[in-house]
Amino acid sequence: MKLNHLEVFLSVVRTRNFSEAGPEQHLSQPTVTQLIKQLEEELNAKLFHRTTHYVELTESGKLFVPYAEKLIQLLEEAK
């Protein structure tokens, strides 16, 4: 798991939109989609329900949010 996967995940959580999360992370929407897909594959869990207008967290996604936040916090503290 890479830090940028977690940062992108949390951006999508905040914006509820892959396209809006892209500029926040200086990435294109296809790259955001790819990184989320990689994270879902690594975790073996679907993190978002996708629609044409927005995304919603799945139960797995809801459970993962505090872990992603804590991991990023710990990395920042370590720096």
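1. T58 sits in the loop between β2 (55–57) and α4 (59–78); helices (H or I, at least four residues) and strands (E, at least two) are DSSP runs, numbered from the N terminus. The model is predicted: local features need pLDDT of at least 70, side-chain atom pairs count only at pLDDT 80 or more, and totals for chains, interfaces and linings use all residues. Residues are numbered from 1 along each chain as its sequence is written, and side-chain values use heavy atoms, with hydrogens and water left out.

2. Is T58 buried or exposed? T58 counts as buried, at 7% relative accessibility; buried means under 20% relative accessible area, exposed over 50%, and partly exposed in between (1.4 Å probe, protein chains only). A polar atom of the T58 side chain lies 2.6 Å from the backbone oxygen of K46. A polar atom of that side chain also lies 3.0 Å from the backbone nitrogen of G61. Not counting residues up to four places away in sequence, T58 touches K46, L47, F48 and H49; contact here means heavy atoms within 4.5 Å.

3. S11 is in helix α1 and is buried, with a relative accessible area of 0%. The S11 side chain makes a polar contact with the side chain of Q25, at 2.7 Å. A polar contact is a pair of N or O atoms within 3.5 Å; within protein, one must be able to donate a hydrogen and the other to accept it, and residues adjacent in sequence count only if both atoms are side-chain atoms. Beyond residues up to four places away in sequence, S11 touches A21, E24 and Q25.

4. S11 also takes part in the packing of α1 on α2, where E7, V8, S11, V12, R14 and T15 in α1 meet F18, E20, A21, E24 and Q25 in α2. By class, this contact has four nonpolar, three polar and four charged residues. For the classes, Ala, Val, Leu, Ile, Met, Phe, Trp, Tyr, Cys and Pro count as nonpolar, Asp, Glu, Lys and Arg as charged, and the others, Gly among them, as polar.

5. Two packed helices are described by the angle between their axes and the distance between the axes. For α1 and α2 the angle is about 130 degrees and the axes are 8 Å apart. Axes are lines fitted to C-alpha atoms, for helices over the stretch in contact, and angles run from 0 to 180 degrees between N-to-C directions. The two helices are therefore oblique to each other; angles under 35 degrees count as roughly parallel, over 145 as roughly antiparallel, 65 to 115 as roughly perpendicular and the rest as oblique. The crossing of α1 and α2 is right-handed. A crossing is left-handed if the near helix is turned anticlockwise from the far one by less than a right angle, and right-handed if clockwise.

6. How do α1 and α3 cross, and at roughly what angle? The axes of α1 (residues 3–15) and α3 (residues 29–43) come within 9 Å and cross at roughly 110 degrees. That makes α1 roughly perpendicular to α3. This crossing is left-handed. On the α1 side the contact is made by N4, H5, V8, F9 and V12, which meet V32, L35, I36, Q38 and L39 in α3. These residues divide into seven nonpolar, three polar and no charged.

7. F64 lies in helix α4 and counts as buried, at 10% relative accessibility. Leaving aside neighbours within four places in sequence, F64 is in contact with M1, L6, F9, L39, L43 and L47. The C-alpha atoms of F64 and L47, 17 residues apart along the chain, are separated by 8.1 Å.

8. M1 is in the segment before α1 and is partly exposed, with a relative accessible area of 45%. Leaving aside neighbours within four places in sequence, the contacts of M1 are L6, L39, E42, L43, F64 and L71. M1 and Q38 are 37 residues apart in sequence and 9.0 Å apart in space, C-alpha to C-alpha.

9. Two backbone angles deserve a line. Most residues other than glycine have a negative phi. H26, which is not a glycine, has a positive phi of about 60 degrees. H26 is found in the loop between α2 (18–25) and α3 and is exposed, with a relative accessible area of 73%. N44 also has a positive phi, near 55 degrees. N44 is in the loop between α3 and β1 (48–50) and is exposed, with a relative accessible area of 71%.
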